[in-house]
Amino acid sequence: MSYTALYRKFRPVTFDEVKGQEHIVQTLQNQISANRIGHAYLFCGTRGTGKTSVAKIFARAVNCEHPVMGSPCNECDTCRAILQNRAMNVIEIDAASNNGVDNIRQIREEIQYAPSNGRYTVYIIDEVHMLSIGAFNALLKTLEEPPSYVVFILATTEPHKIPITILSRCQRYDFKRISIDTIAERLKELTQKESIQVEERALRYVAKAADGSMRDALSLLDQCIAFYLGQNLTYENVLDVLGAVDQEIFSRLTRSIISGNTVESIQIFDEMMMQGREPGQFVNDFIWYLRNLMLVKTSDGAPEDFIDASLERLESLKKEAEMVEIHIIMRYIRVLSELSGQMKYSSQKRVLIEIALIKLNQPSMEQDTASLQNRIALLEQKIEQRPVVVSEKQKPAQNKPPKQKKVWEQAIPEDVQMVANNWNKVQRFVPQPYRQFLSRARFSVKGENTLLIVFDENSATAYGACNKAEVVEMINSIISDEIKKQVRVELKLLENNQNFNDYYQEVISHINMNVEEEDF
């Protein structure tokens with residue numbers, strides 16, 4: 001006897017075997033038990049979620065001679081005939097290849113005759129959205145005035161393509177994507193029946209790769225079992241067969257991108273390609289990894305509640321989350337999502353991925369706000385990591401007393417006004433990146449001799465970088481050396497959509513950044 005694929009061998013034959021669609025199963029069972037069977041149903045949902053399986057179970061249940069709690073017994077002559085595709089009163093139609101007006105007219109002619117066996121004639125029309133406009137119009141008349149013994153079950157993955165006149169005459173049921181836990185539990189149950197040794201971690205990865213589709217999960221598992229026939233199916237085996245990448249690789253890649261190490265990122269990706277990994281799967285898995293990183297970064301509670309990862313992996317994600325800001329993670333996801341769309345139409349997938357990795361490492365290639373913030377973060381990181389080198393000239397002489405700091409007299413408000421008006425003369429002596437940060441500020445006067453530098457909430461990063469004791473002291477010293485008077489400097493950050501003009505009086509309407517050389 002020829003081999004039967006797992007998704008066919010373990011196709012549900014009763015409502016109890018349908019997983020992940022309890023809300024639909026319960027409703028249909030109640031209708032059958034109460035004899036409140038409708039004349040037209042529309043089953044919507046992504047591939048492999050059980051639409052056709054539930055339709056076939058429903059067709060047997062409404063014709064079953066001895067139904068049990070709304071489910072077919074699968075023992076009576078009618079149930080066995082339908083299971084063996086011998087019944088004349090359950091007709092399956094593929095609308096993708098039978099989408100013309102003549103096909104629907106044939107149905108209209110056939111439904112004039114009552115079924116010879118069973119109570120109902122059930123038409124299961126799969127991929128109904130593929131019908132032509134003329135076919136939909138022909139079907140509409142049948143749905144308006146159907147015979148009492150006819151039931152239509154329309155199944156589709158794209159309900160938005162179905163005319164509203166058809167939708168309004170059907171009971172609509174939306175099939176959900178099946179959760180990873182549900183799929184993994186079903187796979188474990190089936191592998192035990194088949195006496196297949198498999199790691200639970202491997203089953204969970206197959207369940208995740210199936211993207212909510214039970215049929216896809218069974219097909220992927222079948223593929224892995226066939227490759228390692230007779231062997232214990234491990235997590236590493238599944239990664240090899242599916243062309244996936246271990247999470248440890250993504251951790252290394254993420255850290256290299258955060259540090260801006262383009263060469264290392266390209267090398268890691270090159271290792272993956274040499275191992276035969278599939279480029280599209282690589283990008284999708286990396287996006288999912290960054291999604292987990294984003295949730296860890298933004299979660300206040302326990303991230304393990306909504307992230308499918310081991311405790312060891314969660315600890316690694318938490319460490320990486322501390323190394324990068326949330327807006328930078330979102331930029332990474334945006335770049336990779338755009339890449340995923342481009343790869344569908346390109347024959348040079350590897351080149352596109354390498355370009356995207358360079359973009360992630362070098363935000364200067366893009367001009368949007370997220371990229372600018374990424375560049376600032378990299379600059380801050382480099383400044384913090386740069387060692388302090390003290391030259392011989394800078395070393396204080398052992399026998400010389402330390403140089404006394406000059407004490408200037410207090411500035412008056414007019415002096416503060418002059419500093420603000422000629423800020424470009426001051427900022428020439430401010431090193432980068434603080435010069436760039438301070439260019440976003442506005443100026444006000446506080447008290448008699450305090451220059452107030454105010455940042456809006458969109459410049460929180462610049463404020464955080466400058467609002468340090470050593471930076472403020474540096475600005476104070478530069479100003480005092482220029483005007484020969486002591487001016488105090490304070491930094492403020494507007495929060496919660498505060499308006500500058502509601503809190504502060506601007507000392508100048510505009511800072512001229514191009515003033516010619518002019519002494520104070």
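Guide: In the contact between H14 and H16, Pro 279, Gly 280, Val 283, Asn 284, Phe 286, Ile 287, Leu 290, Arg 291, Leu 293, Met 294, Lys 297 and Thr 298 of H14 meet Ile 326, Ile 329, Met 330, Tyr 332, Ile 333, Leu 336, Ser 337, Leu 339, Ser 340 and Met 343 of H16, where contact means heavy atoms within 4.5 Å, and where helices (H or I, at least four residues) and strands (E, at least two) are DSSP runs numbered from the N terminus. The residues of this contact divide into 15 nonpolar, 5 polar and 2 charged, with Ala, Val, Leu, Ile, Met, Phe, Trp, Tyr, Cys and Pro counted as nonpolar, Asp, Glu, Lys and Arg as charged, and the others, Gly among them, as polar. The model is predicted, so that local features need pLDDT of at least 70 and side-chain atom pairs count only at pLDDT 80 or more, while totals for chains, interfaces and linings use all residues. Residues are numbered from 1 along each chain as its sequence is written, and side-chain values use heavy atoms, with hydrogens and water left out.

H14 and H16 pack at an angle of about 160°, their axes 10 Å apart; axes are lines fitted to C-alpha atoms, for helices over the stretch in contact, and angles run from 0 to 180 degrees between N-to-C directions. The two helices are therefore roughly antiparallel, a term for angles over 145 degrees.

Turning to the surroundings, the largest nonpolar core has 34 residues, of which Phe 282, Phe 286, Tyr 332 and Ile 353 touch the most other members. Such a core is a set of buried Ala, Val, Leu, Ile, Met, Phe, Trp, Tyr and Cys residues joined through side-chain atoms within 4.5 Å, buried meaning under 20% relative accessible area (1.4 Å probe, protein chains only). At least two residues of the core come from each of H12, H13 (262–274), H14 (279–298), H15 (311–322), H16 (326–343) and H17 (349–361). Phe 286, leaving aside neighbours within four places in sequence, is in contact with Phe 250, Leu 253, Thr 254, Ile 257 and Leu 336.

Ser 256 lies in H12, which spans residues 247–258, and is buried, with a relative accessible area of 1%. Not counting residues up to four places away in sequence, Ser 256 touches Asn 261, Glu 264, Ser 265, Ile 268 and Asn 361.

Technical notes. Buried < 20%, exposed > 50% of the residue type's maximum accessible area, 1.4 Å probe, protein only. Parallel < 35°, antiparallel > 145°, perpendicular 65-115°, else oblique.
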